[in-house]
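Dear colleague,

I am handing over the structure below, and my notes on its aromatic side chains follow it. Please read them with the model open.

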Amino acid sequence: MKLIIIAVGHRMPGWVDEAFADYAKRMPPDLPIELREVRPEPRTTGKTAAQMQALEARRIEAVLPAGGRWLALDERGRDLTTMDLSKQMRQWRDNGQDVALLIGGPDGLDADLKRRCHGMLRLSSLTLPHGMVRVLLAEQLYRGWSILANHPYHRA
């Protein structure tokens with residue numbers, strides 16, 4: 001099983017790439033985190049937000065795992081505690097499917113794409129920069145794994 005983070009955006013600051021890579025390398029071989037970046041639609045073309053989201057959705061769909069579980073990150077998504085996320089990760093692992101977590105661009109994710117996802121999650125009620133979302137998500141996935149593995153990283 002793989003945890004695949006599909007993120008609209010590229011050329012993140014070095015600290016984002018370093019922090020993401022640090023958490024990704026901590027994951028065990030049987031539960032890796034993989035990042036798939038999707039090129040954002042240029043914001044200078046005069047297209048509407050919905051048109052840009054639709055174009056970005058096509059790029060996201062091109063890199064989605066076949067037969068996997070898709071979860072959209074969205075401000076209206078399900079709010080999980082860290083312990084809830086860990087329990088959810090146990091279910092994903094037991095099902096053996098790859099899980100794709102989708103991070104939209106500046107305008108968010110396409111509404112049709114969100115409807116086709118198996119669920120929506122919310123990381124925070126705060127508005128976060130996209131680079132920070134990658135790092136926060138990778139850290140929480142690592143923390144969720146550490147709970148499942150009784151690793152001392154999480155001290156509850």
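At 5% relative accessibility, tyrosine 142 counts as buried, a term that means under 20% relative accessible area, with exposed being over 50% and partly exposed in between (1.4 Å probe, protein chains only). Please bear in mind that this is a predicted model, in which local features need pLDDT of at least 70 and side-chain atom pairs count only at pLDDT 80 or more, while totals for chains, interfaces and linings use all residues. Residues are numbered from 1 along each chain as its sequence is written, and side-chain values use heavy atoms, with hydrogens and water left out.

A search of the whole structure gives two aromatic pairs, where rings of Phe, Tyr and Trp (its six-membered ring) pair if their centres lie within 6.5 Å, and planes under 30 degrees apart count as stacked, over 60 as edge-to-face and the rest as tilted. The ring centres of tyrosine 23 and tyrosine 142 are 6.3 Å apart with the planes at 40°, so this pair is tilted. It links distant parts of the chain, since tyrosine 23 belongs to helix H1 (residues 14-26) and tyrosine 142 to helix H5 (residues 130-148), 119 residues apart; helices here are DSSP runs (H or I, at least four residues), numbered from the N terminus.

With regards

Definitions and conventions
Helix = DSSP H or I, 4+ residues; strand = E, 2+ residues; numbered from the N terminus.
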